[in-house]
Amino acid sequence: MQFKIGDRIGKGNVPFEEYQKVELGTIIDIDHDGNLSIKWDYDSSICRITAPYNLLSEEEARQRWSLLEIEWTQLNKAIEEKLTAAGKLVDEAKDLAKNNGQDLFHMWDAVQPLMTSLRNVGWSTSSLRC
Amino acid sequence: MENKFKVGDKVVYKNHVHYGAYSDGFESMTVVDLTLRGDVIIFQTDWYQGTRKITIDQNELILESEANEKLAQLEKDWNELEPVITGKIKQATNVFHEAVALAAEKGFKVADFDVMYEVRGMTRSGGWSSSAFSC
């Protein structure tokens, strides 16, 4: 993609993060080697970018970000549904235990796989069993 | 009041017969005396008080033989219940793994998503909630 001074551009390789906005800027200089100086909107910082650029036009960058946002929202919903379903199963297990005079809290052998899985994704504390 | 028990009987606290994940069984005690109002006197040994005579309402007690029957039934119930509960938790774990895989397919971690409410709900159901859980 050929750029010229004054072009509005956006980063084309930024992974999506919730609450993050598309990173846009303006090309303010191009040197004789083709390196770009870009002033970024979010903090007015200027940085020099050497080829090959991973830049898109502002419109393309916005479109890319919108698609990532949609994908994220759909994925978030799907994951939320899965975790709600998992929670419902734990609830059922808890009720089964309770209705039979038992306490799921004490059934460590049964719940260990779930606790381990939670720990493996970073949801764990030493006080989880407290 | 008529006594259900006699001196020498082995008795057990009715509510102390238990079979489950963390304990099973009961402790039996021998009747050493009876009171006129229907109480039972036994020797009870506590780790902190040593052996002492205590008086118990006879309605709180059952015979050891009854306790054995009750325990056998509780064990049977537990052996039927435990795999069902374990199965539910396994199912929950599998569904959780599906969520992890869904996130991983797109290069994310499940913890990147806004699902703490659901995770908290899940752990609260199990009785494992803690204020430090989100750390």
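These legends describe close-up views of a predicted two-chain model.

Residues are numbered from 1 along each chain as written, while chains are lettered from A and ligands numbered from 1, each in the order of writing. Because the model is predicted, local features need pLDDT of at least 70 and side-chain atom pairs count only at pLDDT 80 or more, whereas totals for chains, interfaces and linings use all residues.

**View 1. Chain A, overall layout.**
Chain A holds 2 helices and 5 strands. Helices (H or I, at least four residues) and strands (E, at least two) are DSSP runs, numbered from the N terminus. Read from the N terminus, the order is β-β-β-β-β-α-α. The radius of gyration of chain A is 25 Å, well over the 14 Å from the globule rule for 130 residues, so chain A is more spread out than a compact globule. That radius is taken over C-alpha atoms, and the rule is 2.2 Å times the number of residues to the power 0.38. The C-alpha trace of chain A spans about 80 × 30 × 25 Å along its principal axes. Of the 130 residues in chain A, 23% are buried. Buried means 20 or more other C-beta atoms within 10 Å of the residue's own, with C-beta atoms placed from the backbone.

**View 2. Helix 1 of chain A and the residue beyond.**
Helix 1 of chain A has 42 residues; at 1.5 Å a residue they should span 62 Å, and the end C-alpha atoms are 60 Å apart, which agrees. The expected span is 1.5 Å times one less than the number of residues. G101(A) follows this helix with a positive phi, near 75°.

**View 3. Chain B, overall layout.**
Chain B has 2 helices and 7 strands. Its elements run β-β-β-β-β-β-β-α-α from the N terminus. Buried residues make up 26% of its 135 residues. An automatic or database domain assignment divides chain B into domain 1 (10-69) and domain 2 (81-126). The C-alpha centres of these two domains of chain B lie 44 Å apart.

**View 4. Helix 1 of chain B and its packing.**
The 42 residues of helix 1 of chain B should span 62 Å at 1.5 Å a residue; the end C-alpha atoms are 59 Å apart, which agrees. Buried residues in this helix include A67(B), I85(B), I89(B), F96(B) and A103(B). K88(B) and T93(B) are also among them. The buried residues of helix 1 of chain B pack against helix 1 (58-99) and helix 2 (108-120) of chain A, together with strand 1 (10-13) and strand 7 (61-63) of chain B. Just after the helix, G107(B) takes a positive phi of about 80°.

**View 5. The side of chain B that touches chain A.**
Here 42 residues of chain B are in contact with 42 residues of chain A. Contact means C-beta atoms, placed from the backbone, within 7 Å. Helix 1 (64-105) and helix 2 (116-126) of chain B are the elements giving two or more residues to this side. Helix 1 of chain B gives the most, with 19 residues.

pLDDT is the predictor's confidence in each residue, from 0 to 100. Chain B averages 83, and 86% of the residues score at least 70. Over residues 130-135 of chain B, pLDDT stays under 50. The model has 12 contacts beyond four places in sequence for that stretch. For the complex, the predictor gives an ipTM of 0.76 and a pTM of 0.74.

How values were computed
Buried ≥ 20, exposed ≤ 12 C-beta atoms within 10 Å, placed from the backbone. Contact = placed C-beta atoms within 7 Å.
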